[in-house]
Every structure is written in structure tokens, then in C-alpha cells.
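Reader: I would like to learn how to read salt bridges in a protein model. Could you take me through them step by step?

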Amino acid sequence: MSTKRCYYETLEVERNADESKLKASFRKLAMKWHPDKNPGDATSEIRFKEINEAYEVLKDGDKRAAYDRFGHAAFEQGGGGPGFGAGFASSFSDIFEDLFGMANQRSRGGRERGADLRYNMEITLEEAFQGKTAQIEIPVSVTCESCSGIGAKAGTKPKACGMCGGAGRVRQAQGFFTLERTCPGCQGRGQMIEDPCPSCSGSGRMTRERTLSVNIPQGVEDGTRIRLAGEGEAGLRGGPAGDLYIFLSLTTHEFFQREGADLYCRVPISMVTAALGGDFEVPTIDKDKTKVKIPSGTQSGRRFRIASKGMPVLRSRQTGDMYVQVVVETPQNLTKKQQELLAEFEKLSSGATQPEAAGFFAKVKDFFGSRAST
């Protein structure tokens with residue numbers, strides 16, 4: 001009778017655990033019991049071996065079915081048990097790169113994806129309203145024409161790395177398990193260039209000025225990002241190019257402030273216009289103008305809404321509104337005659353003409369009166 005622990009207990013999962021739960025538990029336990037994290041601890045080595053063996057069986061559908069039916073007996077007496085040599089390599093490689101950060105960023109042959117690039121562009125509010133097509137020039141790495149991106153001199157070809165046989169990875173046995181790492185000879189490329197291209201020094205790419213056309217849609221906001229796929233830096237040795245990201249920023253406008261799709265405009269008006277009423281014209285973002293009617297008795301700070309005169313909403317048919325806020329301007333540099341007229345107006349004024357001020361000072365008078373009586 002087998003004395004081995006139940007594989008499910010070893011991995012600390014239920015019998016109905018799915019593949020993702022198995023892998024997550026295996027990763028956690030492997031991190032905890034890995035010999036490198038517990039140097040000189042014989043118990044850790046044994047525990048680590050048991051965890052790997054359990055995962056090797058349970059991650060395989062056929063082996064798991066056999067184990068659920070027959071237990072450990074399914075792999076004893078020549079039953080094709082999981083073992084620990086090649087079995088370890090296959091199961092542990094599932095999470096090896098996650099655990100130790102050894103993800104291989106290069107493809108075989110040394111082809112690497114080019115870097116993404118960023119371009120900052122300023123546009124006006126009018127351009128954001130209308131949309132535009134802009135031409136930009138950027139220095140960017142492009143595929144070398146002399147070697148077609150392979151990095152080797154014309155008439156020659158890269159050769160397979162003698163250290164890794166072209167795989168880009170080498171394996172090294174350490175104790176009872178095997179580690180795989182990037183080949184130090186070719187740095188993971190799998191190939192060696194003995195006679196590099198003189199034009200690009202073996203990198204397979206060169207720097208050139210490139211003119212690109214950028215379509216800016218209507219309604220873009222400050223901070224909008226536009227992606228141009230494949231217009232970034234060329235890949236190394238024929239690898240795919242990265243992307244170019246255009247980051248938009250809007251310049252300050254002379255009249256308007258923007259909040260989402262709405263526009264706000266601040267307009268100073270005279271005290272007389274605010275008191276008697278009137279109208280005035282203001283510009284709109286579509287290079288037109290509109291009339292705003294002011295009723296008598298308008299107070300400073302009041303807003304007037306002009307429907308559908310704001311910004312278009314990006315990738316929709318909706319449009320924001322425009323809001324005009326009036327600010328009553330106090331007269332300055334008055335002549336003697338103007339001062340006399342205003343003084344006369346003040347004498348003729350009553351609480352009915354300035355109810356808010358009259359109400360406030362009445363409350364002040366009551367406040368001080370109540371304090372005096374106490």
C-alpha cells in the first residue's frame with residue numbers, strides 16, 4: 001500500500017479544483033518551498049519534489065483521471081509514474097518565468113519587437129472642434145535597407161549559436177532539478193553574426209526622419225491618445241515594429257474654457273445693462289456669433305445657456321452646450337457729473353431696487369440691536 005500523501009492534499013486544493021486553481025496553488029507552494037529560498041533545508045527539497053510530482057499528475061487530464069480512479073497505484077509497478085527528471089522540467093516550466101522573472105523577450109533568430117514611441121502634439125480648441133489631418137516629422141528607427149533587417153553583411157547569413165544550438169536557451173542541472181536560462185553566448189537570439197552589416201553595425205535598423213499623417217477626430221480632449229500601429233521603432237533584426245502614440249494637449253483659448261463637451265464664456269457687462277436689460281453678441285466655437293438677451297435686474301454671475309453650441313462628443317453625434325456667464329462691472333474713473341448722478345440715484349433708491357442689500361443690512365442692524373439689549 002502506498003504511503004505517499006494525497007496529491008490534492010500536497011497541492012492544498014479540493015478534488016474538484018480546476019486547472020487555474022491547481023496552477024495558482026502550485027505556484028504559491030513552489031515559491032514557498034523552493035530550495036533556493038531555503039538553502040541547506042533537506043525538508044524543503046523533499047517538499048518541493050512532492051509538490052512538483054503532484055502537479056505533474058494533476059495538470060494532465062488523463063493522468064488525473066487515472067489517479068482519481070486508482071490513486072498512486074496507477075503509477076506504480078511500471079504504471080508510467082510522473083518521475084522527476086523530464087517531468088520536473090515540463091511542469092515547472094509552466095511557471096518558471098513567472099517565479100524568477102526570466103521571460104525571454106527575444107524570438108528565435110534575435111528578432112525583437114521595436115519600442116513604442118511617444119509624440120506630444122499641441123492643437124487649438126478650434127482644431128479639436130473641427131478635427132484635422134496633421135503632418136508630423138519624427139526621427140525613428142527603420143529597417144536597414146542594406147541587410148533587409150537581418151544584421152549580416154550582404155552575401156552572408158547569421159549562423160546558429162554554437163553554445164545553445166540555435167535555441168536561445170541553455171539548460172543547467174543543479175542538484176535534483178534543471179534550470180533553463182538565456183544563452184549567454186547569443187543573448188537569447190539563437191544566432192551569431194560573424195560579419196555584421198557595415199550600414200547598421202549588425203542591429204538591422206537605422207535612424208531616419210519620417211513624415212506621417214495623423215488624423216485627429218472631432219471632439220478630442222486634452223490628454224487624448226492616438227495610436228498608430230506599426231509606426232514606432234523598427235524591430236531588431238527584422239522583428240515587428242512598435243507603435244507610435246500621439247498625445248494631444250489643447251492650448252489655452254482666448255474666450256472659452258472647456259469642461260467635457262460644454263464651453264464656458266465670461267462676459268463683462270455694464271451696471272446699466274444689468275439693471276435695464278439689453279443684449280449683446282458673443283462668438284461661438286464654429287466661427288459664428290450668437291445674440292444673448294439680458295433681462296432687467298440681471299445679477300453678476302448669472303449664466304445663460306446656448307444649446308448645442310459646445311464641442312462635439314468624440315465618436316458620437318452629440319454636441320455639448322455653451323454657457324455665457326455675465327459679470328457686472330463697477331464703473332471706474334467717473335466724472336464729477338457721473339458721480340452726482342449716481343449720488344442722486346442712491347438717494348432715490350429704496351429696498352425695492354436692491355432687496356438683497358437691504359435685507360442683509362436689516363439683519364445686521366437687528367444683530368447689533370439684540371447684542372446691545374443684553
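Reader: How many salt bridges does a search of the whole structure find?

Author: A salt bridge is a side-chain nitrogen of Lys or Arg within 4 Å of a carboxyl oxygen of Asp or Glu. By that rule, the search of the whole structure finds 13 salt bridges. This is a predicted model, in which local features need pLDDT of at least 70 and side-chain atom pairs count only at pLDDT 80 or more, while totals for chains, interfaces and linings use all residues. Residues are numbered from 1 along each chain as its sequence is written, and side-chain values use heavy atoms, with hydrogens and water left out.

Reader: Which residues are linked with R113 and D116 in a network of salt bridges?

Author: The network also includes R227 and D243, whose side chains meet in a salt bridge at 3.0 Å, N to O. D243 counts as buried, at 7% relative accessibility.

Reader: What are the relative accessibilities of R305 and D321?

Author: The side chains of R305 and D321 meet in a salt bridge of 3.0 Å, N to O. R305 counts as exposed at 53%, whereas D321 counts as buried at 13%.

Key:
Buried < 20%, exposed > 50% of the residue type's maximum accessible area, 1.4 Å probe, protein only.
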